[in-house]
Amino acid sequence: MFEVRFHGRGGQGAVMAAQTLAEAAVIEGRHAHAFPFFGAERRGAPVMAFARIDDEKISIKSQVYEPDLLVVLDESLIDIEPVARGLKKDGKAVVNTRKSPQEIDLGVEVECATVNANAIALEFLKAPIVNTAILGAVARITDLVSIGSMKQAIENRFGEKFGEAAARINIGAAEAAYEQASVGLCQGRRPLVIKREWLPDWRDIPIGNSLSAGIKDGVMVGPGGARQNLTGSWRMQTPHYDQEKCVRCLRCWFTCPEGCIKREDDDHVRWDLNYCKGCGICSQVCPVTAIDMIKGGSR
Ligand code: SF4
Ligand code: SF4
């Protein structure tokens, strides 16, 4: 599996960059997903986005802690947070900067592509939205996806959202960055001081099941949100459990975002369909295909 972590600021398009990279991988017939992590939701605030690409189905849902590729959309972030934390020793980096790779100190000495994505974005888009330029540099430094697939993904995603003309301009920015990126080794002198993460670990997933429910101001909070909200009414497909196949690994129980899978005493599982919204995550993570999603919302 190849994991990518994007660091940018609100408004630079880090989320679209991650989604577009994932789409380019899907165009090449691979499995991929992408999603953001927002802190304070405002323009200019540091944001992260993640992408994973694999030849196999991807079941892990956590943030990316040990990226193979680090993408920094705003150089100033390097000074305010240890953006390269967890970056694999044989990983790679892409940085939006005027500097050469040799002038950049990420705290880990890795192969690095630098590109002045700000200048490219201002030339092509007339705005400092650097995501498509940075994707051109990503295509240059990795063989993750070809520049052709990247351009196709930009055309699909930006064309659908902003129209054909916008797609063409963004493809131009990606092509320019692909041509202009400099590749070399960056420095690894900066100490990477890792701040304690405030999020829970076991890789963030099972909030639904790892916390116990409680009542606050008369509203049930905790697993799956409010108990009064019968999310089972949203369901368009229903899990069908084959107990014979089940190896009782409890991945489904651990992963269900609604916390509606219960453990029996013998570690077999059962569903509370009042709350199962039919997302299918349990079926996706089951290692032995013991859960089939059946069309329809019946109980
Ligand atoms: S489909 Fe599975 S994971 Fe999704 S809500 Fe229902 S039980 Fe939970
Ligand atoms: S993930 Fe599959 S094998 Fe594991 S407990 Fe759930 S149904 Fe059983």
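What follows is a short chat about this predicted model.

Reader: Ground rules first. How are residues, chains and ligands numbered?

Author: Residues count from 1 along each chain as its sequence is written, while chains are lettered from A and ligands numbered from 1 in the order in which they are written. The model is predicted, so local features need pLDDT of at least 70 and side-chain atom pairs count only at pLDDT 80 or more, while totals for chains, interfaces and linings use all residues.

Reader: What is the mean pLDDT of the chain?

Author: It is 87, and 86% of residues reach 70 or more. pLDDT is the predictor's confidence in each residue, from 0 to 100.

Reader: Where is confidence lowest, and where highest?

Author: Lowest in helix 7 (residues 207-210), at a mean of 48. Highest in strand 4 (residues 69-72), at 98. Helices (H or I, at least four residues) and strands (E, at least two) are DSSP runs, numbered from the N terminus.

Reader: How many helices and strands in the chain?

Author: Nine helices and 13 strands.

Reader: Switching to the core. Which residues have the most contacts inside the largest one?

Author: A18, L21, A133, I134 and A177, in a nonpolar core of 67 residues. Helix 1 (residues 14-27) gives the most to this core, with nine residues. Such a core is a set of buried Ala, Val, Leu, Ile, Met, Phe, Trp, Tyr and Cys residues joined through C-beta atoms within 7 Å. Buried means 20 or more other C-beta atoms within 10 Å of a residue's own; exposed means 12 or fewer, partly exposed is in between, and C-beta atoms are placed from the backbone.

Reader: And helix 4: why is it largely enclosed?

Author: Because 11 of the 11 residues of helix 4 (residues 131-141) are buried. Among them are N131, A133 and R140.

Reader: Is Q12 buried or exposed?

Author: Q12 is buried, because it has 25 C-beta neighbours inside 10 Å. It is in the loop between strand 1 (2-9) and helix 1.

Reader: Now the ligands. Which residues are closest to ligand 1?

Author: C256, C276, C279, I281 and C282, out of 13 that surround it. A residue counts as near if its C-beta atom, placed from the backbone, lies within 6 Å.

Reader: Which are closest to ligand 2?

Author: C246, C249, C252, C286 and A290. Ligand 2 is also surrounded by 13 residues.

Reader: How do the residues of the shell around ligand 2 divide?

Author: 11 nonpolar, no polar and two charged. Ala, Val, Leu, Ile, Met, Phe, Trp, Tyr, Cys and Pro count as nonpolar, Asp, Glu, Lys and Arg as charged, and the others, Gly among them, as polar.
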